[in-house]
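Please walk through the structure below chain by chain, and then look at where the chains meet and at two individual residues.

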Amino acid sequence: MNRILIPVALATFVGGLMVLAFSQRPWAPRQDVQQPIPFSHRIHAGVNKIPCQYCHEYARRSQTSGVPPVQRCVGCHGDALFGGLKPVTRPWTDHSQPPFEIRWNRVYTLPDFVRFTHQPHIWAGVACQECHGPVEEMDRIEPVHEINMGFCLDCHQKRGATQDCFVCHH
Amino acid sequence: MSEGLSRRSFLKIASAAGAAAAIPGCEPAGRQIIPYVVPDENMIPGVPSFYATTCTECGAGCGVVARVREGRVIKLEGNPKDPIGQGALCARGQASLQGLYNPDRLAHPFVRGDDGRLRRISWDVATRALIGRLSTAAKAGKDRVAYLARPQGPTLDKIAGLWLSAWNSSKAVFHEPLANSVARQAAQDCFGRGDAPVYHLDQAEALISFGADFIETWESPIELARQYAAFRTPKERRGKLTIGRAAYVGPRMNLTAAKCDDWVGVKPGHEAAIAMSVLYVLVRQGWISPNSGFDIATLKSFVDGYDPDAVSQQTGVPAETIVRLGQMFGQAEGAVALAGTEDKETHVAAYVLNAVTGNLGKTVAFLAGSPPSPLSPQADLDGLIAAMNQKQIEVLVIAGSNPIYAMSPAAKFNDALRQVPFVVWCGLVPDETADKAHLLLPIHHPLEAWRDSAPRAGVSGLGQPVMQPVFESRDLGDVILDSARAAGADSKTVPWQTMADAVNAGFQQLQKQLGDKNKPEDFFAQALRDGGVFADAKAADVKFNPAVFQNKPKPPGAGPDLALAVYPHIFLYDGRGADKPWLQEIPEPVDQIVWDSWAEIHPDTAKALGIAANEMIELQTDQGTVAVSALVSEHVRSGVIAMPLGQGHTSYGRYAKGRGANAFAVLAPGARSAAVKVHATGRKSALVSPLYSEDMMGRNIVEAMSIEDLARGVAPESETVPGPYEMYAPFKYPTHKWGMTIDVNACTGCSACVAACYAENNLAVIGKEGCADGRIMSWMRIERFTPPKEQADKAPLMYITPMLCQQCEHAPCEPVCPVFAAYHTEEGINGQNYNRCVGTRYCENNCPYKVRRFNWYKPEWPAPLHLQLNPDVTVRGAGVMEKCTFCIQRIVSVEIDAKTGDRKLRDSEIVPACAQACPTRAISFGDMNDQQSEMMRRRKDNQLRTYRVFNAEFNTLPAITYLREIYHEKGRA
Amino acid sequence: MSEVRLVASFADEERCVHTIERLREAQVRPQVFSPIPSEKIIDALYERPSFVRSWVLAGGIFGALSGFALTLGTSYEWNLNAGGKPIASIPAYLIIVFELMILCGGIAGVAGFFFTSRMPVTEPLAGYNAHFSADRFGLVVSCDEAESARLEALLKEGGADEVTREPV
Amino acid sequence: MAAAAQTTGVSAPTFTDIDRQVRRVLEPGGLQFWAWICFCAFFICVAGALWTNQVYSGLGVTGLTQPTMWAIYITDFVFWVGIAHSGTLISAILFLFRTRWRTAVYRAAETMTVFAVLTAGLFPIIHLGRPWFFYWLAPYPNQRSLQPDFRSPLVWDFFAISTYLTISSLFLFMGLMPDVANARDAARGWRKTFYSLLSMGWQGTDRQWRNFSMAYLLLAGFAAPLVISVHSVVSWDFAMTQVPGWHSTIFAPYFVAGAIFSGVAMVLTLLIPMRKIMGLEELITPWHLDNLAKVILLTSLIISYSYVCESFIVWYSQDAFELMTFHQRYFGPQGYLFWMMVACNCVIPLLLFSPRVRISTAWLFIIALFVNVGMWLERFVIIEGSLATNTEPSQWRFYHPSVTEIFITVGSFAWFLMLFSLFARFMPIISMTELKEGIQWLREALRDNYRRAA
């Protein structure tokens with residue numbers, strides 16, 4: 001019976017270590033995010049072919065890509081600016097929230113010790129989809145890739161971008 | 001700021017972002033995103049926007065630029081356009097952020113009930129209460145309302161006056177506890193004008209300061225420190241490589257004295273005698289400038305009785321020292337004498353010294369059209385107190401000043417205040433005065449308010465709100481204007497609706513004066529961008545009034561055998577800085593004490609009085625008694641006890657309350673010194689200092705060389721590295737190799753760099769106990785060593801240098817790290833990955849410079865202090881090692897900017913926080929690969945002076961090169 | 001023909017060894033039990049030393065090689081500069097190599113021991129008794145009825161305290 | 001001794017005597033035994049609680065300060081690793097030299113080794129700032145493809161210590177097998193199953209013995225250089241740095257000698273009470289203790305020499321930093337620690353020159369205790385003192401231990417003693433097989449006793 005016992009013990013120990021090692025991911029993108037509005041990227045980016053940076057306008061200038069201001073939505077959805085709203089945008093005015101204050105739920109989060117900046121990636125010609133997946137086919141945003149250091153590094157290696165730790169961790 | 005965004009939701013975002021930053025690396029950032037309704041054009045989330053404004057921490061009125069991220073100010077930087085600060089900002093300026101975000105700030109209006117307890121009320125109730133009281137008072141008769149404040153810019157002060165007159169009163173008193181008003185009185189006597197001169201130390205060759213500590217707190221420290229650095233920079237004068245020769249006459253060796261060639265320790269009150277005696281030497285030697293137009297005879301009679309021997313008998317200062325000062329001053333081409341004492345004689349003597357040597361208008365200049373002093377004469381204050389005592393004042397509005405704390409007990413302000421039925425306190429953090437007030441109004445921090453400033457002729461600063469108010473505060477100006485309108489003031493008397501209008505109006509007037517042809521709004525917009533309007537002012541030609549010579553100062557006599565000399569703390573100043581944790585935690589540069597106040601006693605005096613170090617002693621003057629612990633130190637003249645102001649608060653927030661003692665309590669009104677008796681209590685109360693030894697033990701941490709050697713071209717033998725002994729092929733740094741050059745000679749030890757580092761890099765403040773355990777978190781410290789006595793002739797008075805991570809190419813900390821948390825970047829920086837660090841602390845053990853800091857506990861920022869955290873810098877958690885990164889976040893952002901705009905990096909485009917803050921520009925940063933960079937040129941131009949700390953011992957190849965301190969060899973004056 | 005098993009127990013090592021030699025001459029290979037590691041007994045039975053040697057050698061070599069592979073491989077995967085030391089700092093890595101050599105060699109040795117001596121076993125071998133781990137040397141010979149008598153005599157005169165005969 | 005004489009008489013002990021005496025130890029322990037175990041367990045719990053608190057609130061609960069980043073924890077680590085070494089010395093190196101007196105004591109020493117390493121292994125984790133990431137020191141496949149820096153002495157440590165633990169446990173386990181088999185055959189009930197599991201079916205067949213001897217020999221052959229390497233590596237934690245007072249090439253041999261020194265002292269501290277309590281006077285005879293004492297004496301002289309040598313080198317180099325550090329070490333605020341250490345390590349052991357001291361168990365015990373204290377102090381003085389008086393005079397600061405650190409240290413002793421006592425109660429703490437193998441030496445030893453007793 002020792003023939004079984006010892007290997008089993010060893011296996012569990014090593015396995016435990018591995019699990020411990022690989023399960024360091026409290027920041028993984030969240031799969032099951034419900035948004036306050038049934039907003040569909042498929043309709044906007046897919047069907048109507050609205051370029052990503054039309055709404056996420058800061059991406060090329062800043063760390064964050066930016067969530068479109070309500071003004072931008074109203075630009076198309078409002079008949080006249082702030083006039084009657086089309087049915088699809090009614091939920092904005094629900095009573096649980098102050099008018100026009102939408103609280104989107106984050107899908108992609110990064111830990112505090114990672115300094116990701118959209119700007120250089122956009123300018124390096126990285127397509128949004130390379131990290132965020134085929135957004136134009138999604139109604140509700142679901143992460144395709146696990147955004148972890150390995151994922152970043154692969155791409156940086158492929159593109160010969162810097163692999164200096166300090167660029168992202170400071 | 002963003003109109004579309006409600007303040008509430010702004011705070012939500014801000015706090016969300018703040019919270020995310022404040023949780024060290026264990027939790028993702030805020031889970032919700034709230035977009036703008038209408039985006040703000042001036043602002044891109046994630047990109048800082050900069051707003052020019054002015055600093056109000058002291059009278060100097062430097063311009064600052066506020067770095068704003070997502071609607072919160074995260075850093076203050078000097079405004080390069082401003083002629084006074086010229087882009088530098090002192091520690092106190094940096095720390096005014098913590099005044100803005102202070103967790104103890106008054107969040108709402110409060111009213112004091114009959115039971116003495118404070119009750120929270122709404123602004124409407126508050127204003128109604130105020131106006132009700134005011135109207136009753138106004139009806140009761142004239143001058144029943146009074147306004148006691150610190151000067152807060154011409155416009156606000158003017159509005160206050162108008163408002164008072166609307167309430168049928170004129171009792172506006174503008175008071176500064178440490179105002180240098182004697183200088184103005186002296187100027188009045190000597191030149192018949194009531195303003196203080198501006199100085200050009202950089203154009204002088206010799207300097208004597210009579211108690212004017214211009215590096216720490218006197219007048220305009222940043223500007224004067226900058227000039228002094230130029231004054232001390234080796235340059236050709238009369239065909240000879242020299243540096244300016246400086247002497248400081250005063251009871252305590254402060255930073256100014258430490259940077260001079262001579263510190264002449266005198267008892268407080270003897271400065272005048274020394275000055276007169278120096279004048280005596282000049283007169284006797286005939287070193288009187290012919291075109292100064294003085295009649296030698298009058299001068300002779302004026303200085304009669306001040307021959308060095310007599311003076312030296314009274315003051316104990318050796319006669320030859322005085323003669324030496326005289327020679328140095330008289331023979332110099334361009335000399336300047338400064339006076340910073342509270343007695344007028346010294347100032348007069350100093351003016352005479354400057355005048356007779358023909359330096360008026362050269363090194364000392366009165367400017368044409370300088371603004372009138374914002375301060376009220378002492379008489380007004382006395383009058384106010386008298387009126388209060390006679391129950392004539394029914395409503396007293398106190399704004400931004402703390403008389404209960406900062407007035408001599410002899411003024412009896414406390415009793416007077418009790419006679420006032422309704423005291424209104426307007427301010428930020430409730431202080432001792434607020435405890436006595438009946439109505440407490442939270443007003444905007446200067447960074448939230450509109451304001452202007454007129455520190456001197458030609459400089460009109462413009463301050464704008466740089467962020468939404470953090471608390472439910474209101475602009476003092478608006479409060480006053482509202483109540484003035486309530487008093488029925490019509491649009492003629494008070495033509496402005498808000499403070500903003502008033503300031504704007506002020507600038508339109510200014511435009512008219514300047515005859516500027518632009519559209520008013522353009523003019524104002526430009527002023528907003530520049531942080532004010534800066535025109536150069538001409539020097540007025542002044543006539544010396546010989547009447548001064550009639551009343552010559554009386555000889556001082558020996559003075560008390562034990563004198564108390566009180567001086568403003570470099571950071572806490574008159575106590576207003578005590579509520580800011582940074583200022584409490586940064587060690588006072590000369591004595592290196594934190595979170596406390598102390599009494600400096602010379603070892604001999606201490607021996608004579610039987611006082612041990614760290615012993616609680618009671619200082620008793622005719623005004624009162626304070627208990628403070630003793631610091632036995634050579635930095636004070638024997639027979640004198642020196643004590644800093646600033647501590648000893650009984651209120652004023654968690655950081656200030658109950659630390660040290662308040663020196664105002666033993667001073668007569670207006671005095672800064674007194675005869676004192678000392679009682680040793682025998683109780684110990686340890687002063688906390690992060691420094692262990694004053695002795696450098698002959699190690700080359702700070703190096704110096706004499707100007708004589710420099711002129712001769714002889715470098716002192718030091719760093720003798722036997723060639724590059726490389727065992728392995730050195731690494732290549734193809735893109736950049738960041739490095740720093742630090743001019744120790746220029747460094748004044750003012751610690752602005754340290755404060756800037758705290759602000760920029762989210763350094764934790766750990767409090768007195770933490771410091772006592774040796775766990776201070778500052779990435780950069782001011783090293784201060786005193787040369788051993790036997791070497792005193794061949795050394796500066798004090799070795800002072802900034803010490804930070806040397807970013808060694810052979811970093812000893814790196815190879816010992818088991819997990820590559822410490823490693824070398826591709827750009828030659830010694831990187832530290834907080835998230836990889838497991839906390840073996842091996843790196844700090846192996847660091848020869850001891851500049852790595854370990855997080856012993858989880859750092860904490862009581863809300864809303866966390867709003868100040870820099871979102872570009874990770875907040876480190878417990879168990880992680882951290883250190884200086886050359887402000888990598890700034891490097892990276894500029895590099896990204898350059899890459900995306902595909903351009904090359906410009907030299908000195910990247911400026912670390914410390915270099916940016918440094919008033920004397922002692923620190924320069926650049927690329928060691930680029931031989932033409934300003935940083936490298938500085939090294940090459942001063943080849944003889946360069947040295948690298950510990951490189952000879954450990955071959956660490958630091959990326960920081962220091963330039964040696966320059967001193968005059970003693971006995972060669 | 002039916003098999004029988006003779007179990008002889010000796011108090012004295014010398015006698016036991018002597019008997020073993022006699023048995024070998026008689027072309028009989030006894031199964032020996034001994035409470036102590038007896039060189040003599042082993043020499044009497046075997047010419048060549050144990051195979052465990054080669055196990056250890058293999059283990060050691062493997063360890064050393066894997067040591068090199070690990071250190072060099074990982075260094076070159078991320079050629080990080082630590083204090084200007086070369087990416088492949090062989091002198092430093094030799095320590096890892098050494099330790100891994102010892103580790104693998106040692107483990108291989110023990111593994112080799114278990115393998116070559118068919119351990120662990122769960123049930124006692126034929127003829128074993130508690131004395132053989134304490135104070136008696138045991139010889140077990142299996143033979144067929146016919147020559148059992150001869151062998152028993154041989155064991156007896158070899159100096160066995162007692163010889164028991166068990167049917168198989 | 002006299003008592004022993006009556007029981008066995010001068011007639012030499014036989015295999016059966018040995019079995020009888022050792023097996024008697026394995027009988028169920030009495031109340032005192034379990035009381036002692038609980039006593040230890042209590043201190044372990046206290047230490048555990050304090051450590052939990054330390055993990056939760058950060059290393060601030062220790063007395064560590066800015067320059068003195070290492071102190072008691074690392075001292076304990078080095079101390080326990082050092083303790084371990086003598087075990088391997090006695091069990092492996094002396095085995096290779098076929099030293100006679102080793103047989104009776106080596107099992108105890110070997111056991112001590114394993115548990116000492118177990119204890120030592122805790123401290124690197126305890127002293128970490130973020131102990132939950134300790135496994136980052138080990139190479140393992142991960143998505144970041146980040147690995148430890150094999151240049152770091154701490155990683156060497158990790159490998160050296162884990163190898164040492166593995167090898168010495170295997171070594172102990174191998175040696176145990178025949179004895180456990182012996183115990184198995186004598187035992188009943190759950191003990192029988194327990195021993196049969198551990199003995200792995202050992203029956204002492206010729207094949208088993210043949211491979212056993214070879215494997216055991218080679219393991220010993222590996223353990224010998226390993227033991228030298230391990231403490232050298234530990235010493236390099238210090239010698240590889242640039243800290244004045246640490247940066248010295250003498251450290252490796254000096255630490256190894258110190259390790260043996262402290263280890264043998266610890267063996268004595270354990271054996272002397274054990275042989276009394278468990279009545280093993282006849283197997284562990286004064287002759288054995290005498291030999292151990294001689295080892296202590298020798299190593300004591302070696303480290304005294306090292307101290308002198310170290311100081312001489314410093315004086316000879318005239319390096320300002322080193323000179324100041326050593327001046328502080330001798331005459332600084334904590335100089336008394338150094339002189340206590342000298343007394344314990346260099347002076348007191350000199351008593352062992354006298355044979356009467358060497359055979360008196362009481363004396364030996366006391367001296368051994370002093371040596372333990374002394375060697376702990378040595379590590380503390382080197383580690384804390386050198387850090388406190390570092391290259392930057394402005395950054396000096398002396399360290400004062402906190403309650404947490406003290407109790408965790410106490411806990412480590414409790415933990416070690418508990419493990420050892422349990423082992424001694426449930427495992428043959430004396431190698432029966434090897435005693436039997438060298439029984440004639442034991443007989444000599446006993447005769448020699450009576451000669452002395454007479």
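Chain B contains 30 helices and 41 strands, where helices (H or I, at least four residues) and strands (E, at least two) are DSSP runs numbered from the N terminus. Its radius of gyration is 28 Å, close to the 30 Å that the globule rule gives for 973 residues, so chain B is as compact as a globular protein of that length; the radius is taken over C-alpha atoms, and the rule is 2.2 Å times the number of residues to the power 0.38. This is a predicted model, in which local features need pLDDT of at least 70 and side-chain atom pairs count only at pLDDT 80 or more, while totals for chains, interfaces and linings use all residues. Residues are numbered from 1 along each chain as its sequence is written, chains are lettered from A and ligands numbered from 1 in the order in which they are written, and side-chain values use heavy atoms, with hydrogens and water left out.

Taken along the principal axes, the C-alpha atoms of chain B fill a box of roughly 90 × 80 × 70 Å. Buried residues account for 65% of the 973 residues in chain B, buried meaning under 20% relative accessible area, exposed over 50%, and partly exposed in between (1.4 Å probe, protein chains only). Of the contacts in chain B between residues at least 6 apart in sequence, 73% join residues at least 24 apart, a contact being heavy atoms within 4.5 Å. Chain B carries 101 positive and 105 negative side chains, and the centres of the two sets lie 2 Å apart; Lys and Arg count as positive and Asp and Glu as negative, with His and the chain ends not counted, and each charge is placed at NZ of Lys, CZ of Arg, CG of Asp or CD of Glu.

Within chain B, Arg474(B) sits in the loop between β21 (459-463) and α17 (476-486). Because its relative accessibility is 23%, Arg474(B) counts as partly exposed. Leaving aside neighbours within four places in sequence, Arg474(B) is in contact with several residues, among them Trp123(B), His444(B) and Asp482(B).

Chain D, by contrast in its elements, has 17 helices and zero strands. Its radius of gyration is 23 Å, close to the 22 Å given by the globule rule for 454 residues, so chain D is as compact as a globular protein of that length. Buried residues make up 67% of the 454 residues in chain D, and the mean positions of its 30 positive and 25 negative charges are 9 Å apart.

How many residues of chain D are in contact with chain B? The contact involves 51 residues of chain D and 57 residues of chain B. The two chains bury about 4,400 Å² between them, 56% of it on carbon and sulfur atoms, buried area being the accessible area (1.4 Å probe) that two parts lose on being put together, summed over both. Gln66(D), Met69(D) and Gln242(D) supply 15% of the area that chain D buries against chain B, more than any other three residues.

Chain D also reaches chain C, through Ser145(D), which touches Glu77(C) and Trp78(C) when residues up to four places away in sequence are not counted. Ser145(D) lies in the loop between α5 (102-126) and α6 (153-186) of chain D, and it counts as buried because its relative accessibility is 18%.

Chain A, finally, has eight helices and one strand, arranged along the sequence as α-α-α-α-β-α-α-α-α. Buried residues make up 34% of the 170 residues in chain A.
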